[in-house]
Amino acid sequence: MAIASKKSAATESVSNEQLFEMIKRLQAENATLKAAKSTPANRFTVKLSPSGKGNLCIYGLSRYPFSFYRNQIEAILENAEIIKAFIAQNEPALSKKGE
């Protein structure tokens, strides 16, 4: 029974002002987390690193990393406008992750 009385004494020692301050702090944290979560769903957090074989590894797009040689990435970047135009032209036929 001594344990129960200690718990109630500890609970009673928190004032209403402290509870209101805690609620305000938690509401602010909640708003911050919601704002961070509201980033566009079609954006990925990408991490790049070189592999032991000299490839460029791209993490964060899927479960496993994509590995490309430097010239492959350069070719993709050089043709970025063509790729974007293709995606825009074929948008109904292409799906997005999670859809």
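From the N terminus on, the elements of the protein chain follow the order α-α-β-β-β-α-α, that is, 4 helices and 3 strands. Helices here are DSSP runs of H or I with at least four residues, strands are E runs of at least two, and both are numbered from the N terminus. The model is predicted, and for that reason local features need pLDDT of at least 70 and side-chain atom pairs count only at pLDDT 80 or more, whereas totals for chains, interfaces and linings use all residues. Residues are numbered from 1 along each chain as its sequence is written, and side-chain values use heavy atoms, with hydrogens and water left out.

**The whole chain**

Begin with the surface display. The accessible surface of the protein chain comes to about 9,300 Å², and carbon and sulfur atoms hold 60% of it. Accessible areas come from the Shrake-Rupley method with a 1.4 Å probe; for residues, only the protein chains shown count as cover. Of the 99 residues in the protein chain, 5% are buried. Buried means under 20% relative accessible area, exposed means over 50%, and partly exposed lies in between (1.4 Å probe, protein chains only). Among the contacts of the protein chain with a separation of 6 or more, 8% join residues 24 or more positions apart; contact means heavy atoms within 4.5 Å.

**The sheet**

Next, select the 3 strands, which form an open antiparallel sheet in the order β1-β2-β3. Two strands pair if DSSP finds at least two bridges between them. Because β1 (47–50) and β3 (66–68) stand at the edges with a single partner strand each, one side of each has no neighbour in the sheet. Neighbouring strands of this sheet are turned by 25° against each other on average, direction ignored. Axes are lines fitted to C-alpha atoms, for helices over the stretch in contact, and angles run from 0 to 180 degrees between N-to-C directions.

Zoom in on β1 and β2, whose antiparallel pairing extends over 4 bridges. K47 stands opposite Y59 in β2. Helix α3 (residues 70–78) packs on the sheet, where it touches β2 and β3, and its direction makes about 100° with that of β3. Returning to the bridges, S49 has C57 in β2 as its bridge partner.

Select C57, in strand β2 (residues 56–59). Is C57 buried or exposed? Its relative accessibility is 6%, so C57 counts as buried. Leaving aside neighbours within four places in sequence, C57 is in contact with K47, L48, S49, S51, F66 and S67.

N55 lies in the loop between β1 and β2 and is buried, with a relative accessible area of 12%. Neighbours within four places in sequence aside, the contacts of N55 are S49, P50, S67, F68 and Y69.

**The salt bridges**

Now show the charged side chains. Side chains of opposite charge can pair when their charged atoms come close. A salt bridge is a side-chain nitrogen of Lys or Arg within 4 Å of a carboxyl oxygen of Asp or Glu, and by this rule the count comes to 2.

One of them joins R25 and E29, at 2.8 Å from N to O. R25 and E29 are 4 residues apart in helix α2 (residues 16–37), so about one helical turn separates them. R25 is partly exposed at 45% relative accessible area, as is E29 at 39%.

E74 and R70 form a salt bridge as well, their closest N and O atoms being 2.8 Å apart. In helix α3, E74 and R70 are 4 residues apart and therefore separated by about one helical turn. E74 is partly exposed, with a relative accessible area of 33%, whereas R70 counts as exposed at 64%.

**The nonpolar patch**

Finally, select I76, I83, F86, I87 and L94, which make a nonpolar surface patch of about 430 Å². Patches are made of residues with over 30% relative accessible area and no salt bridge: like charges are joined within 9 Å, nonpolar side chains (Val, Leu, Ile, Met, Phe, Trp, Tyr) within 5 Å. Which helix contributes the largest share of the nonpolar patch? Helix α4 (residues 80–89) does, with 3 residues. I76 has its place in helix α3 and is partly exposed, with a relative accessible area of 37%.
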